[in-house]
Amino acid sequence: MAKTKPGKKDLDSYTIKGTNKVVRPGDYVLMKPSDSDKPPYVARVEKIEADHRNNVKVRVRWYYRPEESIGGRRQFHGAKELFLSDHYDLQSAHTIEGKCIVHSFKSYTKLENVGSKDYFCRFEYKAATGGFTPDRVAVYCKCEMPYNPDDLMVQCEGCKDWFHPSCMGMTIEEAKKLDPFLCSDCSSEDGAKRPLSSFHVEPKVESKRRKR
Ligand SMILES: [Zn+2]
Ligand SMILES: [Zn+2]
């Protein structure tokens, strides 16, 4: 943990230049990327401090986008998904462009509308090793993939598993018309149930679960 050095003073808040938006420790912020073609960086503000010349600095904990992770973006990653990294930095407060919200996965899936400043996080990420916490998550559907909140899924009345209409050979409209929806296992005579398995998030160990 960094101690406050002499001549520095902790601040309760910082007002983003040219706005009336107030940032406090614990808030989520968008920060100017070094390459202006890239989307803004997302971070959580841990601490705000001013040095003896009144330059305001923020200690931030970075969120990584799937593209920035060692394994890259994968099919189950949502468009607004971020990973809470173990990478901290001290940045000039001037690089803060605005505020945003990083939701929990559950509250994100319950949002009525996803705005441009809504993100979600379900994994912590170790920047040095590419490791994720949790390293396993539940999988759904015949494709046995973790839930991507951007993809519509329908729930089977029988086994309560969730399915992508496309994996069941249907369009979204066709699946919605089936009420109740039964997956192919539950609608077949023997009604064989597929045990729910979990998915190893880290890329190296992925390929083994492809039994269908
Ligand atoms: Zn599927
Ligand atoms: Zn079923």
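A residue is called buried under 20% relative accessible area, exposed over 50% and partly exposed in between, using a 1.4 Å probe and protein chains only. By that rule Phe181, at 3% relative accessibility, counts as buried.

Before going on, a word on the ground rules: this is a predicted model, where local features need pLDDT of at least 70 and side-chain atom pairs count only at pLDDT 80 or more, while totals for chains, interfaces and linings use all residues. Residues are numbered from 1 along each chain as its sequence is written, chains are lettered from A and ligands numbered from 1 in the order in which they are written, and side-chain values use heavy atoms, with hydrogens and water left out.

Back to Phe181, which sits in the loop between helix 2 (172-177) and helix 3. Helices here are DSSP runs of H or I with at least four residues, strands are E runs of at least two, and both are numbered from the N terminus. Taking contact as heavy atoms within 4.5 Å, and not counting residues up to four places away in sequence, Phe181 touches Val154, Gln155, Cys156, Glu157, Phe163, Met168 and Met170.

A nonpolar core is a set of buried Ala, Val, Leu, Ile, Met, Phe, Trp, Tyr and Cys residues joined through side-chain atoms within 4.5 Å. The largest one has 34 residues, and those touching the most other members are Met31, Val58, Ile96, Phe163 and Phe181. Two or more residues come from each of strand 4 (28-31), strand 5 (41-50), strand 6 (56-64) and strand 9 (118-126), with strand 6 giving the most, four. Domain 1 (9-133) and domain 2 (152-188) each supply at least three residues; those bounds come from an automatic or database domain assignment. Over at Ile96, leaving aside neighbours within four places in sequence, the contacts are Tyr14, Ile16, Val23, Val29, Leu30, Met31 and Val58.

Now for the metal. Which residues hold the zinc ion (ligand 2)? Its protein donors are the SG atoms of Cys156, Cys159, Cys183 and Cys186, lying 2.3 Å from it. Donors are N, O and S atoms within 2.8 Å of the metal (3.2 Å for Na, K and Ca), and sites may look incomplete because water is not among the atoms. In sequence the spacing is C-x2-C-x23-C-x2-C. Cys156, in the loop between strand 12 (154-155) and strand 13 (162-163), and Cys186, in helix 3 (residues 184-187), are 30 residues apart. Cys156 is buried at 1% relative accessibility, and Cys186 is buried too, at 17%.

Last, the rings. Phe, Tyr and Trp rings (for Trp, the six-membered one) pair if their centres lie within 6.5 Å; planes under 30 degrees apart count as stacked, over 60 as edge-to-face and the rest as tilted. That gives 13 aromatic pairs. In one of them, Tyr41 and Trp62 have ring centres 5.5 Å apart and planes at 65°, so they are edge-to-face. Tyr41 is in strand 5 and Trp62 in strand 6, 21 residues apart. Tyr41 is partly exposed at 29%, whereas Trp62 is buried at 8%.
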